[in-house]
Amino acid sequence: MKTLLLLLLRFYRYAISPLLGQNCRFYPSCSAYAMEAIQVHGAARGSLLAGKRVCRCHPWSDGGVDPVPPAREKSTSAPISESCACGQPPADRQNHSSSPLS
């Protein structure tokens, strides 16, 4: 899906956009923003960000520099299999049982 969206955007940028002229109020252009958003955030979230950006691009908008937000960081919490019923991470539960009844 990501590849298909990027191909469609590339087609728009090189086949349709030159016929419309420079109309974007933002930097990077809306199509460049959409391509970067999809590459950084994936098809779903990138498309949502691109849609929001296009909705902000209208004659009453001031425009300006509007970079793609950075990707969200992955969660570094312990996997479920490493946690015990007491809710403490492995390093903090040295001398007790993992049973909630003990």
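Accessible areas are computed by the Shrake-Rupley method with a 1.4 Å probe, and for residues only the protein chains shown count as cover. The views below show a predicted model, in which local features need pLDDT of at least 70, side-chain atom pairs count only at pLDDT 80 or more, and totals for chains, interfaces and linings use all residues. Residues are numbered from 1 along each chain as its sequence is written, and side-chain values use heavy atoms, with hydrogens and water left out.

**Figure 1. Overview of the protein chain.** The protein chain exposes about 7800 Å², of which carbon and sulfur atoms supply 58%. Three helices and two strands are present, in the order α-β-α-α-β from the N terminus; helices (H or I, at least four residues) and strands (E, at least two) are DSSP runs, numbered from the N terminus. Of the 102 residues, 24% are buried (buried, under 20% relative accessible area; exposed, over 50%; partly exposed, in between; 1.4 Å probe, protein chains only). Among contacts (heavy atoms within 4.5 Å) between residues at least 6 apart in sequence, 61% join residues at least 24 apart.

**Figure 2. Helix α3 and its buried face.** Helix α3 has 14 residues and spans 20 Å from its first C-alpha to its last, close to the expected 20 Å (1.5 Å times one less than the number of residues). Its buried residues are Ala43, Gly46, Leu49, Ala50 and Arg53. Viewed down the axis of α3, these residues fall within an arc of 135° and so line one face of the helix; the arc is that of the directions from the helix axis to the C-beta atoms. They pack against α1 (2-20), β1 (26-27) and α2 (30-41). Ala44 and Cys55 are exposed on the other side of α3.

**Figure 3. Surroundings of Arg53.** Arg53 belongs to helix α3 (residues 43-56). Because its relative accessible area is 0%, Arg53 is buried. Beyond its neighbours within four places in sequence, Arg53 is in contact with Cys24, Phe26, Tyr27, Pro28, Ser29, Cys30, Tyr33 and Asp66.

**Figure 4. Arg56 and the ring of Phe26.** The charged end of Arg56 sits over the ring of Phe26, at 5.9 Å from the ring centre (criterion: NZ of Lys or CZ of Arg within 6 Å of the ring centre and within 35 degrees of the ring normal).

**Figure 5. Pro18 in helix α1.** Pro18 lies in helix α1 and is exposed, with a relative accessible area of 54%. Apart from neighbours within four places in sequence, Pro18 is in contact with Tyr12 and Arg13.
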